[in-house]
Amino acid sequence: MLADNMTAVEESIFPAGAQPVPNAIVSAVDVGVFYRENQQALSGVNLDFHAGRVGALIGPSGCGKSTFLRCLNRMNSEIPHCRITGRIEYHGKDIASPQQNLFDLRRSIGMVFQQPNPFRMSIYNNIALALHRHGMRSKNELDAAVEESLRAAALWDEVKGKLHGSAYALSGGQQQRLCIARTLALHPDVVLMDEPCSALDPIATRAIEDTIRAMAQRGICIVIVTHNMQQAARVSDTTAFFYLGEMVEAGPTQRIFDAPSDARLQDYISGRFG
């Protein structure tokens with residue numbers, strides 16, 4: 001069913017306009033962010049994200065990419081004096097609704113941060129702890145879930161002999177894949193990634209990129225913030241360009257890089273600024 005929808009989604013995924021595109025998992029409608037009453041960080045963003053697709057957010061530092069990403073699972077709501085306008089829908093429901101359980105939302109919309117942040121415990125417990133908190137008690141079930149998650153993050157073969165060793169003994173790239181495995185253990189259908197490769201070497205970056213594409217093939221919706229335009233071109237299906245708090249242009253990745261419409265995007269891609 002997902003494959004049958006790909007052609008239609010390819011051209012319609014960005015922008016959403018005022019009406020959510022059918023089958024979008026996450027829709028942002030006229031989203032704005034104010035850090036204080038007169039300090040607007042983001043304005044009028046309309047974007048849709050779909051199952052099995054990777055959406056990249058690109059643009060220079062301070063342009064609003066990460067601010068927008070944090071809106072998608074309500075992380076900005078924890079910042080004092082931060083106010084979000086517009087509407088963000090997850091499976092057609094407003095995530096800001098009083099009826100929305102934040103714990104459940106963040107289980108379904110997982111987050112991987114710029115710096116790897118494993119817990120100061122074993123590789124096994126980094127994943128098992130989250131599962132235990134969500135009610136899984138059986139040792140056999142935990143063992144199976146840990147293995148499944150590590151396999152999904154392409155890490156199992158590298159760590160299966162040292163599961164009870166410290167996560168801090170892993171390399172930076174392995175730690176980041178462990179964080180991805182920890183997120184995947186809760187079976188999210190959306191994963192947000194904020195510069196997940198910025199602190200990694202080229203080999204570790206390639207491993208993370210391969211993991212991202214494998215996650216998409218499993219039907220997970222991925223939204224990634226990256227300063228690396230080559231990375232966006234390699235891993236994403238769609239790309240949105242942000243500049244000075246505005247979403248300037250968005251569309252299928254190949255079109256964005258091969259035939260940008262806005263002069264600011266053309267200048268950014270050609271290296272005139274950034």
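Student: Let's take the helices H7 and H8. How many Å apart do their axes come, and at roughly what angle do they cross?

Tutor: Keep in mind that this is a predicted model. In it, the axes of H7 (residues 172-184) and H8 (residues 202-217) come within 9 Å, crossing at roughly 20 degrees.

Student: What does that make H7 and H8 to each other, roughly parallel or roughly antiparallel?

Tutor: Angles under 35 degrees count as roughly parallel, and H7 and H8 are therefore roughly parallel to each other.

Student: Is the crossing left-handed or right-handed?

Tutor: H7 passes H8 in a right-handed crossing.

Student: Which residues make the contact?

Tutor: From H7, Gly-173, Gln-176, Arg-177, Ile-180 and Leu-184 take part. From H8, the contact is made by Ala-204, Ala-207, Ile-208, Thr-211 and Met-215.

Student: And how do the residues of that contact divide into nonpolar, polar and charged?

Tutor: The contact of H7 with H8 has 6 nonpolar, 3 polar and 1 charged.

Student: Which way do the residues of E7 point?

Tutor: Val-190, Leu-192 and Asp-194 point one way, while Val-191 and Met-193 point the other way.

Student: Why would they alternate like that?

Tutor: In a regular strand the side chains alternate between the two faces of the sheet.

Student: Which strands does E7 pair with?

Tutor: E7 pairs with E6 (residues 109-112) in the parallel sense over 4 bridges. E7 also pairs in the parallel sense with E8 (residues 221-225), over 5 bridges.

Student: Now E1 and E4. Do they pair in the parallel or the antiparallel sense?

Tutor: Antiparallel: E1 (residues 24-36) and E4 (residues 83-90) pair that way over 7 bridges. Gly-32 stands opposite Thr-85 in E4.

Student: What do E4 and E5 form?

Tutor: They form a hairpin with 2 residues between the strands. E4 and E5 (residues 93-94) pair in the antiparallel sense over 2 bridges, and Tyr-90 stands opposite Lys-93 in E5.

Student: Which residue in the turn has a positive phi?

Tutor: His-91, with a phi of about 50 degrees.

Key: Residues are numbered from 1 along each chain as its sequence is written. This is a predicted model: local features need pLDDT of at least 70, side-chain atom pairs count only at pLDDT 80 or more; totals for chains, interfaces and linings use all residues. Side-chain values use heavy atoms; hydrogens and water are left out. Two strands pair if DSSP finds at least two bridges between them. Axes are lines fitted to C-alpha atoms, for helices over the stretch in contact, and angles run from 0 to 180 degrees between N-to-C directions. Angles under 35 degrees count as roughly parallel, over 145 as roughly antiparallel, 65 to 115 as roughly perpendicular and the rest as oblique. A crossing is left-handed if the near helix is turned anticlockwise from the far one by less than a right angle, and right-handed if clockwise. Contact means heavy atoms within 4.5 Å. Ala, Val, Leu, Ile, Met, Phe, Trp, Tyr, Cys and Pro count as nonpolar, Asp, Glu, Lys and Arg as charged, and the others, Gly among them, as polar. Buried means under 20% relative accessible area, exposed over 50%, partly exposed in between (1.4 Å probe, protein chains only).
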